[in-house]
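Dear colleague,

I am passing on a structure that I have been going through, and I would be glad if you could look it over. My notes on it follow directly below.

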Amino acid sequence: MDNDINQLIANIFYPYASNSLKKINKDGLKFAYYTNAETGFKIIDDESIWMRNIRCMNDYSEFKFGKDIIYNALDKDYIRERFNKLFAKLGRESFDIFFYFYVKGFIYCAQKRTYITCLSEHDINNEAEKKYGRLSMWRAYGGNSGVALILNTDFVENDEALGGRAFFITSPVWYEENVEKYLNEILDKLEHNFDLLKEYYKDMYMLVTVNLKIAIYVATLSIKHPAFKEEKEWRIILSFYNDSEVADLKKI
């Protein structure tokens with residue numbers, strides 16, 4: 001039953017990632033990691049892949065792009081009204097206060113302790129893709145000695161504990177600017193499953209707010225301009241909690 005509830009929470013707060021993962025499994029896709037030959041050999045020899053702090057991304061404006069889109073969506077009156085109605089059931093502060101004081105503060109502070117690695121979908125059933133890979137990724141990361149490491153997707157569903165001090169999630173990149181549908185899907189599922197979740201969690205406020213903060217933050221890290229859609233990128237995200245956030249997790 002614990003696994004069922006954990007899966008339900010993932011489906012509620014991370015619907016885009018959950019649906020994309022189902023498609024990955026259904027279609028038998030793999031991931032490709034594009035890099036140069038020297039780095040490729042190091043990855044194989046060390047059996048590890050380095051992650052980069054988001055403040056050192058090739059284009060830091062990508063993070064600002066995603067953040068602006070999410071913030072603009074959450075500023076829309078009808079979205080805020082729905083979230084405020086939900087927060088009224090939680091019996092604490094309004095969503096407006098939660099968003100402006102807690103979510104924005106969490107995102108601002110979490111940047112310095114968040115690391116990502118980028119992959120691309122790789123369709124082994126597509127002969128052209130299997131043979132040539134993605135030209136845009138060769139240009140961006142291959143250099144004069146490009147290689148592509150083809151990876152299984154098993155690690156995406158790996159719930160290995162990180163000592164309760166971090167969250168680890170693999171998220172598909174969204175190549176769209178209209179995210180209201182995503183936010184409404186979270187709200188629809190929360191409203192539909194609210195009473196069920198109350199049977200398993202005595203502190204619904206903490207369950208909702210902790211997961212909602214992470215879901216909004218992951219969204220800011222996963223939105224990219226539609227012009228890059230051909231890349232079919234996924235991002236491995238590792239973000240460490242501070243002490244107060246760890247304390248919140250223990251209340252759930």
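Before the rest, a word on the source. This is a predicted model, in which local features need pLDDT of at least 70 and side-chain atom pairs count only at pLDDT 80 or more, whereas totals for chains, interfaces and linings use all residues. Residues are numbered from 1 along each chain as its sequence is written, and side-chain values use heavy atoms, with hydrogens and water left out.

Helices (H or I, at least four residues) and strands (E, at least two) are DSSP runs, numbered from the N terminus. At the start of helix α3, which covers residues 37-46, a side-chain oxygen of Asn-36 comes to within 3.3 Å of the backbone nitrogen of Glu-38. Glu-47 itself sits in the loop between α3 and β2 (52-53), and with 74% relative accessibility it counts as exposed (over 50% is exposed, under 20% buried and in between partly exposed, with a 1.4 Å probe and protein chains only). Most residues other than glycine have a negative phi. Lys-232, in the loop between α10 and β6, is not a glycine either, yet has a positive phi of about 50 degrees; its relative accessible area of 39% makes Lys-232 partly exposed.

The axes of helix α9 (residues 180-198) and helix α10 (residues 204-222) come within 12 Å and cross at roughly 160 degrees, where axes are lines fitted to C-alpha atoms over the stretch in contact and angles run from 0 to 180 degrees between N-to-C directions. The two helices are therefore roughly antiparallel, a term used for angles over 145 degrees. The contact (heavy atoms within 4.5 Å) involves, among others, Tyr-182, Ile-186 and Phe-194 of α9 and Met-204, Leu-207 and Ala-219 of α10. By class, this contact has 11 nonpolar, no polar and one charged residues (Ala, Val, Leu, Ile, Met, Phe, Trp, Tyr, Cys and Pro count as nonpolar, Asp, Glu, Lys and Arg as charged, and the others, Gly among them, as polar).

Finally, Arg-235 belongs to strand β6 (residues 233-240) and, at 3% relative accessibility, counts as buried. Its side chain is joined to that of Glu-233 by a polar contact of 2.8 Å (a pair of N or O atoms within 3.5 Å, one able to donate a hydrogen and the other to accept it, with residues adjacent in sequence counted only if both atoms are side-chain atoms). Leaving aside neighbours within four places in sequence, Arg-235 is in contact with residues including Met-57, Glu-62, Cys-118 and Lys-224.

Key
Angles under 35 degrees count as roughly parallel, over 145 as roughly antiparallel, 65 to 115 as roughly perpendicular and the rest as oblique.
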